[in-house]
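Subject: Handover of a structure and findings

Dear colleague,

Please find below the sequence and structure that I am handing over to you. My findings follow it.

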Amino acid sequence: MSFKTKFYRIANPINRRFSFEKFSQKLLFQDLILVYHLVSDADLKHAKHLFPYRSVKQFERDLDFLLKHFDFIDWETFLKHKSEKVKTKKPTILLTFDDGYSEFYDIIVPILKRKGIFAINFINPKFIDNKEMMWRNKASLIVSEIIENKILEDKISKYTGDELNENVTSILSINYKNQNQLDDIANHLEIDFNGYLKKNPVYLTTEQLIKLKNEGFGISSHGWNHPLYNQLSLTEQLENTQKSLDYMKENQFSNDSFAFPFTDYFVDNQFFENIFNQNPELKFTFGSAGLKLDSYAKNLQRIPIETGNYSAEEILKNEIMYYQILKKINKNKIIRS
Ligand SMILES: [Zn+2]
């Protein structure tokens, strides 16, 4: 369990007793950036073992809370705030989503339009149009199938010699570099990823992306195929990022921002210097380490807002308190080499 998870467990029951105003007074950030993946009432086999996602009701509750305490801003306003150091009365939120899941079009955007909220979706071009399943979704789907199907559970136990729990843990820890192991397991269990994608479109289509763009939503880059950056060499990091930025430019989506898949942990200054030099249009890159400063000033940290089963209000209270503590011990800034 990470230190932060432990912190949440201890702080949350205490923080719940106080109003949000008590925390927002201590908020040292003018603009917050939040990141979700998807919202759905359905049981999504390809996602449920990766992150907890909000139901429609929970998502609306989050937004209603946020609307009370923050102003949601669009990308242009966000850029203006950053370049002109604008101070607003209310703190602001830039809302972002990662991975280009189809629920963004079907479920999320109708809610956002009703509430007048802008959002950016950071997508992996490789999976657009459901041509292929992203490796993490493959892992979640395999795990769902072996948990739900006794025949598959027995089959994989025979194959690995391990119990169900051990198999689940090892499948979910297969990493980007070893992702072909997921295809091997799926072949062995006769799980058909492409068949699944045909029946259940997991990702946005080109047509939907164009509609979203025309409606004013941001479509931006999340790397070509969702790699774990600290597993890549500098050259591979740059290639993967560049390929996704080129796709954005060719298709007239936004190539002025980029959000790291997973984490920017261990990504060093050389990457940032290169990618900003190669792409003069690029304004900011985004990590998702929560409330934190970054020694590379154009890399901004977002707050993952679907952590555990905590509401947006609980997460923000915990994050604000966590930041205060980090600041006291001078650990509130990510230092890159
Ligand atoms: Zn992602």
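A residue is called exposed when its relative accessible area is over 50%, and buried when that area is under 20%. E163, with a relative accessible area of 59%, is therefore exposed. Please note that this is a predicted model.

E163 lies in the loop between helix 7 (150–160) and helix 8 (164–172). In sequence, 12 residues separate E163 from N175, and in space the two are 21 Å apart, C-alpha to C-alpha.

Domains and their interface

The domain assignment of the protein divides it into domain 1 (3–132 + 206–334) and domain 2 (135–198). Taken over C-alpha atoms, the centres of domain 1 and domain 2 are 29 Å apart. Domain 1 contributes 20 residues to the contact, and domain 2 contributes 18 residues.

The size of an interface is often expressed as the accessible area that is lost when the parts come together. Between domain 1 and domain 2, about 1,700 Å² is buried, and 51% of this lies on carbon and sulfur atoms. Of the area that domain 1 buries against domain 2, 38% is supplied by K45, H49 and Q231, more than by any other three residues.

Polar and charged groups also take part. Four salt bridges are found across the interface of domain 1 and domain 2, and 18 residue pairs are in polar contact across that interface. The side of domain 1 that touches domain 2 comprises, by class, seven nonpolar, seven polar and six charged residues. A salt bridge also joins E148 and K48, whose closest N and O atoms are 3.7 Å apart.

Is N240 buried or exposed? Its relative accessible area is 9%, which is under the 20% limit, so N240 is buried. N240 is part of helix 12 (residues 234–250).

Two polar contacts of the N240 side chain may be of interest to you. The side chain of N240 reaches the backbone nitrogen of W224 at 2.6 Å, and a polar contact of 2.9 Å links the side chain of N240 to that of N225. W224 and N225 are both among the residues that N240 contacts when its neighbours within four places in sequence are left aside.

With kind regards

Key:
Residues are numbered from 1 along each chain as its sequence is written. This is a predicted model: local features need pLDDT of at least 70, side-chain atom pairs count only at pLDDT 80 or more; totals for chains, interfaces and linings use all residues. Side-chain values use heavy atoms; hydrogens and water are left out. Domain bounds come from an automatic or database domain assignment. Contact means heavy atoms within 4.5 Å. Buried area is the accessible area (1.4 Å probe) that two parts lose on being put together, summed over both. A salt bridge is a side-chain nitrogen of Lys or Arg within 4 Å of a carboxyl oxygen of Asp or Glu. A polar contact is a pair of N or O atoms within 3.5 Å; within protein, one must be able to donate a hydrogen and the other to accept it, and residues adjacent in sequence count only if both atoms are side-chain atoms. Ala, Val, Leu, Ile, Met, Phe, Trp, Tyr, Cys and Pro count as nonpolar, Asp, Glu, Lys and Arg as charged, and the others, Gly among them, as polar. Helices (H or I, at least four residues) and strands (E, at least two) are DSSP runs, numbered from the N terminus. Buried means under 20% relative accessible area, exposed over 50%, partly exposed in between (1.4 Å probe, protein chains only).
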